[in-house]
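Take a look at the fold shown here.

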Amino acid sequence: MTGSLDLPWSDPRLRIPHAEPGNRIGLFGGSFNPPHSGHRLVAEVALKRLGLNQVWWMVTPGNPLKDHANLAPLSERLDHVARFADHPAMRVTALEARFPTSYSARTIDRLIRLRPRLSFVWIMGADNLAGFHRWQDWRDIMQRLPVAIVDRPGATLSPLSAPAAHAFAAARVDEACAASLASRPPPAWTFLHTPLDSTSSTALRDRPGRENPRRSATMP
């Protein structure tokens, strides 16, 4: 597992959130370093357009494809995410740290086995689609549950060029039918167009005057 666990095992945010059998659950994973209004927009769009009962913001201990030099502590990121996920149908969890794994494919497999009576949909911003084929077992993710991709600035053409989109072109669902995605057998994916929010975690981290999260976490 990448990243470090700075939470006690008793912290409720390490548990799988409660949901009733038959619920449609959107899984929205990321390092959220830091979270921002663009993330909130992706979660809101998925919640409404897919007809979900809940969206789970899954804060990962650390993305295997990203540099962890400026990764804020997990507990700090969970606290920040909670402010953006302040909605009755949104939950914040670091369940990957308890499993433990940093790979989405393993998390998905575990959740499907532990909660077989829930209908899961994977949610991601379109800015991740171009590199989705570099994720571990990305084809298995597409084969295990429906996937919803929400538009992000500069990524609107991703469905036309991304290797994953080409590989599963026949499984694309028109966004007019997005509300049925959670009940469709995988592979099934859709691209949701929406007004765009240009905020990015990278820009926020690079903002002048912002402290390095690792330094601020260790200094007295």
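Helix H2 (residues 74-84) lies across strands E2 and E3. Its direction makes an angle of about 155° with E2. Such angles run from 0 to 180 degrees between N-to-C directions, with axes fitted to C-alpha atoms, for helices over the stretch in contact. Contact means heavy atoms within 4.5 Å. Helix H4 lies across E1, E2 and E4, at about 160° to E4.

This is a predicted model, in which local features need pLDDT of at least 70 and side-chain atom pairs count only at pLDDT 80 or more, while totals for chains, interfaces and linings use all residues. Residues are numbered from 1 along each chain as its sequence is written, and side-chain values use heavy atoms, leaving out hydrogens and water.

The protein has nine helices and six strands. These are DSSP runs, numbered from the N terminus: helices are H or I with at least four residues, strands are E with at least two. The six strands form an open sheet in the order E3-E2-E1-E4-E5-E6, with parallel pairing. Two strands pair if DSSP finds at least two bridges between them. Strands of a sheet pair through backbone hydrogen bonds, either parallel or antiparallel. At the edges are E3 (90-93) and E6, each pairing on one side only. From one strand to the next, the twist averages 25°. E1 and E4 run parallel and are joined by five bridges. Leu27 has Trp122 in E4 as its bridge partner.

What is the size of the largest nonpolar core? It has 33 residues, and Leu27 and Trp122 are among those with the most contacts inside it. A nonpolar core is a set of buried Ala, Val, Leu, Ile, Met, Phe, Trp, Tyr and Cys residues joined through side-chain atoms within 4.5 Å. Elements giving two or more residues to this core include strand E1 (24-30), helix H4 (104-114) and strand E4 (119-125). Leaving aside neighbours within four places in sequence, Leu111 is in contact with Ile16, Leu27, Trp56, Met58, Leu95, Phe99 and Phe120. Another core, of 32 residues, lies apart from the largest one and includes Val42, Leu50, Leu52 and Val150.

Now turn to a loop. His36 lies between E1 and helix H1 (37-49). Why does His36 count as buried? Because its relative accessibility is 3%; buried means under 20% relative accessible area, exposed over 50%, partly exposed in between (1.4 Å probe, protein chains only). His36 and His80 are 44 residues apart in sequence and 9.0 Å apart in space, C-alpha to C-alpha.
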